[in-house]
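Visitor: I have a sequence and a model open, and I would like to learn how to read them. Could you walk me through it?

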Amino acid sequence: MRPYETMIIFDVEVEEQAITGVLDRALELVRSNGGTTGAVERWGRRPFAYEMHHKREGYYVVAEYTAEPKASAELDRFLVLADEVLRHKIIRLPDKVAGRPRIRPPAPPRLPTTEGPRGGARNGARSGEDDAAPAPAPAPAAAAAPAPPAPEPADVAPAPAAD
């Protein structure tokens, strides 16, 4: 028996019941071939790095199981034929990391930013400027003429000019 991990990406347009049904059938396939199922983590909807089958996001599920290579081959065949599955990957885990507690990756941020996709500011604004706040108004010009410089005392020599 060998430890495996499978990541399955489902189509988001499929109903939740259909996703659960395919996942249950996949895990039952592993059990019927003499394997044991482990943790099943539902990561949920996540955007793709690039478009896949004209879709921009998928529903991710990671499942761990222990089985013979024959069971893994049957699971692979089943997932290739399932219409609800966009893509899947089966990985044989090294024995020293099998069964370790896993840390779920953080969800991608969905907050709007003032920066464009390549780091520059949007709408032609300079980087570092706040789009929401208007530029400060220039200071009003002084009505009076500037005061003349104060006269120097006669007994003090003027300072040499700096180069």
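Guide: Helices (H or I, at least four residues) and strands (E, at least two) are DSSP runs, numbered from the N terminus. This is a predicted model, in which local features need pLDDT of at least 70 and side-chain atom pairs count only at pLDDT 80 or more, while totals for chains, interfaces and linings use all residues. Residues are numbered from 1 along each chain as its sequence is written, and side-chain values use heavy atoms, with hydrogens and water left out.

Visitor: Which residues of α2 are buried?

Guide: First the general idea: an α-helix has 3.6 residues a turn, so residues three or four places apart point the same way. In α2, the buried residues are Ala71, Ser72, Leu75, Phe78 and Leu79. Looking down the axis of α2, the buried residues fall within an arc of 120°, so they line one face of the helix. The arc is that of the directions from the helix axis to the C-beta atoms. Lys70, Arg77, Val80 and Leu81, on the other side of α2, are exposed.

Visitor: How many Å should helix α2 span?

Guide: The expected span of a helix is 1.5 Å times one less than its number of residues. Helix α2 has 13 residues (residues 69-81), so it should span 18 Å, and its end C-alpha atoms are 19 Å apart, which agrees.

Visitor: What do the buried residues of α2 pack against?

Guide: Contact means heavy atoms within 4.5 Å. The buried residues of α2 pack against β1 (2-11), α1 (16-32), β3 (55-67) and β4 (85-92).

Visitor: Which residues touch the most other members of the largest nonpolar core?

Guide: A nonpolar core is a set of buried Ala, Val, Leu, Ile, Met, Phe, Trp, Tyr and Cys residues joined through side-chain atoms within 4.5 Å. The largest one holds 21 residues, and Phe10, Leu75, Leu79 and Val85 touch the most other members. Two or more residues of this core come from each of β1, α1, β3 and α2. The largest share, seven residues, comes from α1. Apart from this core lies another, of seven residues, among them Trp43, Phe48, Met52 and Val62. Back at valine 85, its contacts are Ile8, Ile9, Phe10, Val22 and Leu79, not counting residues up to four places away in sequence.

Visitor: Is histidine 88 buried or exposed?

Guide: Histidine 88 is placed in strand β4 and counts as buried, at 17% relative accessibility. A polar contact is a pair of N or O atoms within 3.5 Å; within protein, one must be able to donate a hydrogen and the other to accept it, and residues adjacent in sequence count only if both atoms are side-chain atoms. The side chain of histidine 88 makes such a contact with the side chain of aspartate 76 (2.5 Å). Leaving aside neighbours within four places in sequence, histidine 88 is in contact with Met7, Ile8, Asp76, Leu79 and Val80.

Visitor: How many salt bridges are there?

Guide: Side chains of opposite charge can pair when their charged atoms come close. A salt bridge is a side-chain nitrogen of Lys or Arg within 4 Å of a carboxyl oxygen of Asp or Glu, and the count here comes to six. One of them joins lysine 55 and aspartate 11 (3.9 Å, N to O). Lysine 55 is in strand β3 and aspartate 11 in strand β1, so the pair ties together parts 44 residues apart in sequence. Lysine 55 counts as buried at 18% relative accessibility, and aspartate 11 counts as buried at 11%.

Visitor: Which salt bridge does lysine 55 form with a glutamate?

Guide: Lysine 55 meets glutamate 13 in a salt bridge (3.5 Å, N to O). Glutamate 13 lies in the loop between β1 and α1, 42 residues from lysine 55, and is exposed, with a relative accessible area of 62%.

Visitor: What is the phi of histidine 54?

Guide: Most residues other than glycine have a negative phi, and most peptide bonds are trans. Histidine 54 has a positive phi, near 60°, and is found in the loop between β2 and β3. Histidine 53 also has a positive phi, near 55°.

Conventions: Buried means under 20% relative accessible area, exposed over 50%, partly exposed in between (1.4 Å probe, protein chains only).
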